[in-house]
Amino acid sequence: MVSMRASQLDIPIHATWSQTGVTVAGGNGRGKGTHQLYHPHGLFVDDDQTIYIADYSNDWIVEWKPGASNGQVVAGGNGYGKGDHQLNGPLDVIVDKETDSLIISDKGNARVVKWPRRDGEKGETLISNVYCTGLTMDQQGSLYVVEKYGHKVDRYRRGDTQGEVVAGYNREGNDLDQLSRPWSIFVDQEHSVYVSDSGNHRVMKFKQGAKKGNVIAGAQEDEDSLPELYSPRGIVVDQLETIYVADELNSRIMRWPKRAKHGSVIIGGNGKGSNSNQLNYPIGLSFDRHGNLYVVDSDNARVQRFDINI
């Protein structure tokens, strides 16, 4: 099955992280070298802390081993295009361990692709005609696909070619049954769907089978208050149902405990920049199994690891 982006361990409700990040991928300026990234977006951290990064402007997926100074291209890398050996603007990637494959949102080609993780030379199209920004899998192997311009989330059970809407049932809007330019997704063990609703600057939770969701982060009435989000992107949820959000245009990572009305800044919040305590358009977000937090710092062309304080 697929691994989730959150630690399987309980993260203490008052946990803190180092405020200075360690660069674990990229950090050498934007470019096409194997030591560089170029507008990275989604990432997946495997059990051994190997990182898979959807490197949007390089049209490839790159694997970065712990401690490595260079990454290895594991999908794409043949120029942008629509061939089965190519990618075009990939935005997200996860690992399906049951088939030992990468599942990739190949946005520029409006498809979701399955690519062998070991020595794969080409991919297989799983879903066509879908502008997917984020994806994940549940423990039964169902694939959840965020359609940014369709303003919804669809679930595809293994082998299905038609999806079932599980969030965003009524076109674009800000009602509880609507989404606006959703970006990332997280699915918990009860099959509740969490969506970063970027156009509405909020995070929504849809319980399994529910037509309407609940606002669980952001979208407060006071636009200058700390709880606000500004174009939220990557989200993860831990075992205590604490929500972690990449607050892209505020250049920070925020945390909302379960049922909290107020969020708190846990990483960043020091203005846009490239120092080790700063972020610049954070997008992707993941934990490793130790509770360390990984952030795709997109405009700094790097991935930062913020170690949990024990």
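Strands are DSSP runs of E with at least two residues, numbered from the N terminus, and two strands pair if DSSP finds at least two bridges between them. The model is predicted, so local features need pLDDT of at least 70 and side-chain atom pairs count only at pLDDT 80 or more, while totals for chains, interfaces and linings use all residues. Residues are numbered from 1 along each chain as its sequence is written, and side-chain values use heavy atoms, with hydrogens and water left out.

**View 1. Strand β3 and its hairpin with β4.** β3 and strand β4 (residues 60-64) run antiparallel and are joined by 5 bridges. Asp55 stands opposite Trp60 of β4. The hairpin has 4 residues between its strands, and Asp59 in the turn has a positive phi of about 55 degrees.

**View 2. The hairpin of β2 and β3.** Strand β2 (residues 40-45) pairs with β3 in the antiparallel sense over 4 bridges. Asp55 in β3 is the bridge partner of Pro40. Between these strands lie 5 residues, and Gln49 of this hairpin takes a positive phi near 70 degrees.

View 3. Of the 5 residues of β3, 5 are buried (under 20% relative accessible area, 1.4 Å probe, protein chains only). Ile51, Ile53 and Asp55 lie on one side, with Tyr52 and Ala54 on the other.

**View 4. Surroundings of Leu143.** Beyond its neighbours within four places in sequence, Leu143 is in contact with residues including Ile94, Val112, Leu135 and Tyr156 (contact means heavy atoms within 4.5 Å).

Technical notes: Buried means under 20% relative accessible area, exposed over 50%, partly exposed in between (1.4 Å probe, protein chains only).
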